[in-house]
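Here is a quick look at how some chains in this model meet one another. Have the sequence and the 3D view open as you read.

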4 protein chains.
Amino acid sequence: MKETAENITLKKINALESILGKSFSVLDDGFVRVIDYMGSDASIVQAARVSYGEGTKKIRQDRELIRYLMRHNHTSPFEMCEIKLHVRVPMDTWRQWIRHRTANVNEYSTRYSVAIDAAQKTEPDQWRLQSKSNRQGSSGKADESVGKQLTQEEQKFHSLAREVYDDRLKAGIAREQARKDLPLSTYTEAYWKIDLNNLLHFLRLRMDEHAQYEIRCYANVIGNEIVSRWCPLSWEAFLDYRMNSVVFSSAEQTILKWIGRGEITKAIEVAVQYGWLVKTNRALKPHLERSEFEQKLKRVGLPVPWKKSK
Amino acid sequence: MKETAENITLKKINALESILGKSFSVLDDGFVRVIDYMGSDASIVQAARVSYGEGTKKIRQDRELIRYLMRHNHTSPFEMCEIKLHVRVPMDTWRQWIRHRTANVNEYSTRYSVAIDAAQKTEPDQWRLQSKSNRQGSSGKADESVGKQLTQEEQKFHSLAREVYDDRLKAGIAREQARKDLPLSTYTEAYWKIDLNNLLHFLRLRMDEHAQYEIRCYANVIGNEIVSRWCPLSWEAFLDYRMNSVVFSSAEQTILKWIGRGEITKAIEVAVQYGWLVKTNRALKPHLERSEFEQKLKRVGLPVPWKKSK
Amino acid sequence: MKETAENITLKKINALESILGKSFSVLDDGFVRVIDYMGSDASIVQAARVSYGEGTKKIRQDRELIRYLMRHNHTSPFEMCEIKLHVRVPMDTWRQWIRHRTANVNEYSTRYSVAIDAAQKTEPDQWRLQSKSNRQGSSGKADESVGKQLTQEEQKFHSLAREVYDDRLKAGIAREQARKDLPLSTYTEAYWKIDLNNLLHFLRLRMDEHAQYEIRCYANVIGNEIVSRWCPLSWEAFLDYRMNSVVFSSAEQTILKWIGRGEITKAIEVAVQYGWLVKTNRALKPHLERSEFEQKLKRVGLPVPWKKSK
Amino acid sequence: MKETAENITLKKINALESILGKSFSVLDDGFVRVIDYMGSDASIVQAARVSYGEGTKKIRQDRELIRYLMRHNHTSPFEMCEIKLHVRVPMDTWRQWIRHRTANVNEYSTRYSVAIDAAQKTEPDQWRLQSKSNRQGSSGKADESVGKQLTQEEQKFHSLAREVYDDRLKAGIAREQARKDLPLSTYTEAYWKIDLNNLLHFLRLRMDEHAQYEIRCYANVIGNEIVSRWCPLSWEAFLDYRMNSVVFSSAEQTILKWIGRGEITKAIEVAVQYGWLVKTNRALKPHLERSEFEQKLKRVGLPVPWKKSK
């Protein structure tokens, strides 16, 4: 007997119920936990059927309906699910997080209360080097000897920062002003409430390998530990059609066509026209869009026309 | 023993639970029913306390905290509550409803399915006359003899409209095109999901006496039957501080000051300066802002300076 | 000399300036015209450079920067451009249009004023048949003899609808109530203001071949006549990376890999596992996702493993 | 001859044009400047007239129409105006600013570029004391001897913070990680684009005397220097009907009625019922809502029933 979304969800809701309130640790002192939620895969199906009418019930099973919605960007039924998280995050990471404007937020107020006495610490082997190919990324780790020094410097700095803060409070300075020199690594907490559609959008951007490591840690926990339990059919569809999909631009499709016909020379000619194959000395000049295309070809198992197969 | 929001809400949640799925009739063939919800007065208090810190717990009881938040437009904690309704509404009313952009919506699709075979009917004694003072309102009812004729004409028109629609469907015309001449009175259905803060904003505008009668009927049911059970403390605060509040502009405050000092002549002088007291023949020329002020004075029991007390 | 966005935009702004206020006709009595706008391709580049710093200036030309932003869904710089349109649209189409919640809207009020005396008419050769493969689409046209009848019926119905409306107004009925039976084909007008990022999202959905014909007509005019002149570099990038891109799911990538290696039997095996190749009698049972994949293979010039090449 | 919005705006646009790009200094090293804008008072009038029809043209002058819209919370026409600012703000202030979700934002990226080398400094006479009556506010200044010490400590701390940051960069650490301990006082820059309706909402909250001093400085500049020039009629209406209005709750109206009738004893009785007049020893126990009401009575020149007039 084929399971319907109602059945599957029923079992999986239990899976989410069982982690309600449970803290998932993230970074050295952060966490994510589910406070409340509304809806499930079954609610998405229900909402889609109001839009598409009873007819859909007969012709499509629940799982396929959810996959169809995801594949065709019919996003509104996914908005029928809502989740509320309690998170503890370094302010630096929170600065990126809060840029997603479609959530409801109540953050711990350091005007009202004394700032949380915790800052994100970096272990000696966790200092990441500036990426050379990607101006906004990191790549590799610093030598541990260097890392050790930086970690020591950090420790002292964190202590001092707290001292400065405490000195101000002791002098009777208003909390709203005393906090002005807290380091961005200081932890904050918030309730964060969002619908599933917007959450998946957040996850797509923040689980991406180009997202900063810290926020990626949070996104991975939210996706893999929480959404996967909450709406398993939607999560599966999201991974298949969004997270792990590959997109070819119209330019890339033109090259693909020549590859498909086995006309490698033609494929190269087109790439030359695009300015993707400029030579400097003997090597190809780096070209971002070209190398992105090469990676995509690799993912779908097709040959790169301008690379000799070994 | 003073009750906390937790206690009160617990009891009241039951009140909402007991109407879950229940249809409240609106107009001749419409309805509103709660499908799902998340949060309660207690969630608002909880969210506020994350923002304002533990300190608040001691100094303020739950009810007072909610009232404080409402009074000072600290709206974000109210966003922590979410509700999902299933509504059946004439398309004409839906056109106004959908202008509120902060909700999630899945509407019955007449591209996908045959349109609902119901249109809002008007009884002979329910035809409203055009208001003369308010270009966008109605005032009074048409004579029932006139109303009888209009209702008959309407009945015939509704039948014909459905005939035209059915003729198209029988001829194999696509539903998306066949529907083009459905009257605005045709009922549609939708799931409508919104957070409490935005719902209260909707209610404030749509429960207002200037809102059109039809949407007001829906808003009254949502407010009085649903929100009042769901978040009773917030509802009470909303009525006190928003719905039934009265606002005086800076100009009006100036006049109030003279009234307060008993200087009626001065009060009149200021109103003259504002251009509120222009005479035509013997009567005062109608002036919208002045008459709004007069109504407000009446509400707070203060005398209208330019009207003789009887 | 390579042109910068500043140069190109300067010339193209003139192109937009030259159509400011000009009505582009859509359908039988609709239009779209640009009332005002803010920003250009150059503003997007400027905003991106605040985010990404001066460094980007040296390493990337304007056109490439815009293409990079579009390709990687760095959408916020596109929000720096804003456009205000004046549109005249049948209410039926407007019902779809208004579902996009990220725009600012002022619609003609039929509470305040008498409804526009125009309804969208359908010519005898313009009646579309219900699609059989797509429940929410149309396919082909009705015979003109049938179309002629339907068009005549429509004409009469439109006249009658207006008569009913006028009768009510003559009887002094409030406009807000008299309008309740206007057909959905009645034209309305609105100012519609939106940023470029959200406009492109609207266009992607509404220029799509699955969008309803009527709204597609509007979307095509907005895209091809207006955005193409306003932000030509963004428009080009949008067409390449969004509108005309092709997306392969992770399942499809698995099949692609076998095709790439020339292992057709393996490719078929995988498709069988997915349930894409169920046979009924002698033919393959229709399967939506499979046929979508076949179309994509065709677009990139790759063979469909389970189809014999001719 | 009475001026129309068109005339007035024309002149005032020049006023805004004349400050386009001009930096208004805020705090010790911040600024606000207008980069671009769209619309004016005249656009609001134009949009309102699409909604309300030509009829309005005759009966209401432009200024009165704008005032009517503002007074009755008909907010959508104000969304037709859009402005883009370039701001330089301490990150601490930016954390409050960014909570307004209805704006478009591109912020300077410290992943991409080296952080701005400036932090907000506090002069010895600018250290504010924690308010005792308002947990989230400040009140009065610290002694300058204390302030001097705090300022010295701050200077040293700022130097050290930059040293730590530079040490990391020199060690090749990725900018995205090196920045983690920047103090919240570090300046950031952003383009910030918002429509007039949402901007006025922002200003109402952030020009309020309870808003933190720093963000209030920015809000005052935006309001008084920019909006006042951009849309002078809307600005005037905003000050009269929103910023400087006074709101009486339904409870307060009940007391007002007794005051109006001169029945002071009754007024006091009602306040007692509300729990506003609890005595401890000889004085009244502090009660927030009561003291807010007292302030409002003062603003409109009415006597506080439970206070003896001198």
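Through which surface do the copies, chain B and chain C, meet? Through the same one, because 100% of the interface residues of chain B are also interface residues in chain C.

Before going on, note that this is a predicted model, in which local features need pLDDT of at least 70, side-chain atom pairs count only at pLDDT 80 or more, and totals for chains, interfaces and linings use all residues. Residues are numbered from 1 along each chain as its sequence is written, while chains are lettered from A and ligands numbered from 1 in the order in which they are written.

Now the two contacts side by side. Residues are in contact if their C-beta atoms, placed from the backbone, lie within 7 Å.

| Contact | Residues from each chain |
|---|---|
| chain B with chain C | 40 residues from chain B, 40 residues from chain C |
| chain A with chain D | 40 residues from chain A, 40 residues from chain D |

On the chain A side facing chain D, strand S5 (128–130), helix H6 (144–170) and helix H7 (175–178) each give two or more residues. Helices (H or I, at least four residues) and strands (E, at least two) are DSSP runs, numbered from the N terminus. H6(A) gives the most, with 9 residues.

Methods: Contact = placed C-beta atoms within 7 Å.
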